[in-house]
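Please look over the structure below.

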Amino acid sequence: MSDFNKDLSIIISLYNEEESLPELLRWIEEVMDRENFSYEVIMVDDGSTDNSWKLIKELSEKNSSIRGISFRRNYGKSAALFHGFKAAAGRVVVTMDADLQDSPDEIPELYEMIKEGGYDLVSGYKMNRSQGDPLSKTIPTKLFNATTRMVSGIHNLHDFNCGLKAYRRKVIKSIEVYGEMHRYIPILAKHAGFKRIGEKVVQHQERKYGVSKFGWERMIKGYLDLLSVMFMSKLSASTSKP
């Protein structure tokens, strides 16, 4: 089967997640086998300093559907997704985090929403996030989402920063992600002409291993990138007018 005939590409960006990787890949494999999906898993190691890359190579030797991309240093999630998007060949592309807080059991319904529901992009909504995360993370997240809804005009999304998303392949081949722009992929998709953007409530699981990579400095950079996204969108719209 040619890569472009695969049902799914699952892109996982990661940084120092050696403890969670074996469990996550077993879980994904179980779901894919149960649903009889043809698939590929693209693991993008964003400069990990632990044994993540060694594990990815070992796991890929056991399962030919797994392949890896390794960065020499930590470039950030947007860079990881950019290279994952370039490599993805599945008809539907799903992104998820490596820390086991995103459930692979959500993937079949996300896939159906793209293939049968007609959506271009479906974003996960971790409605009960506050039950598992500290206030230092949930309060900035709520402020960020409220601001992004207001500025972008995408009022039906409650959790722009959720790593669990599904895309029609054409969407991820039509946008470029850099800086902290991974937070604003729905906005980038909207301005690229993909208007069918939906949301699915997904399960939020407590972190099982390691520590959160979240920090206030990332939130500040995120707001600066939001200003950049909106400025570039307005500039593009004004220059395209006859």
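Over residues 237–242, pLDDT stays under 50. In this predicted model, residues 237–242 have zero contacts beyond four places in sequence. Where pLDDT is low, the predicted coordinates should not be read in detail. For the chain, pLDDT averages 86. At least 70 is the score of 79% of the residues.

Next come the cores. The largest nonpolar core holds 34 residues. L8, I12, M32, V41 and M43 touch the most other members. Two or more residues come from each of strand 1 (8–14), helix 1 (21–35), strand 2 (39–45), helix 2 (52–62), strand 4 (92–97) and helix 4 (107–115). Helix 1 is the top contributor, with seven residues.

What does M32 contact, leaving aside its neighbours within four places in sequence? M32 is in contact with L8, I10, F37, Y39 and I107.

| Core | Residues | Some members |
|---|---|---|
| Largest nonpolar core | 34 residues | including L8, I12, M32 |

Now the helix pair. How do the axes of helix 1 and helix 2 cross? They come within 10 Å and cross at roughly 30°. The crossing of helix 1 and helix 2 is right-handed. From helix 1, L21, P22 and L25 take part; they meet S52, L55, I56 and L59 of helix 2. By class, this contact of helix 1 with helix 2 has six nonpolar residues, one polar and no charged ones.

How values were computed: Residues numbered from 1 in each chain as written. Predicted model: local features only at pLDDT ≥ 70, side-chain atom pairs only at ≥ 80, totals over all residues. Heavy atoms only, no water. Core = buried A, V, L, I, M, F, W, Y, C linked by side-chain atoms within 4.5 Å. Buried < 20%, exposed > 50% of the residue type's maximum accessible area, 1.4 Å probe, protein only. Helix = DSSP H or I, 4+ residues; strand = E, 2+ residues; numbered from the N terminus. Contact = heavy atoms within 4.5 Å. pLDDT = per-residue confidence, 0-100. Axes fitted to C-alpha atoms, helices over the stretch in contact; angles between N-to-C directions. Left-handed = near helix turned anticlockwise from the far one by under 90°. Nonpolar A, V, L, I, M, F, W, Y, C, P; charged D, E, K, R; others polar.
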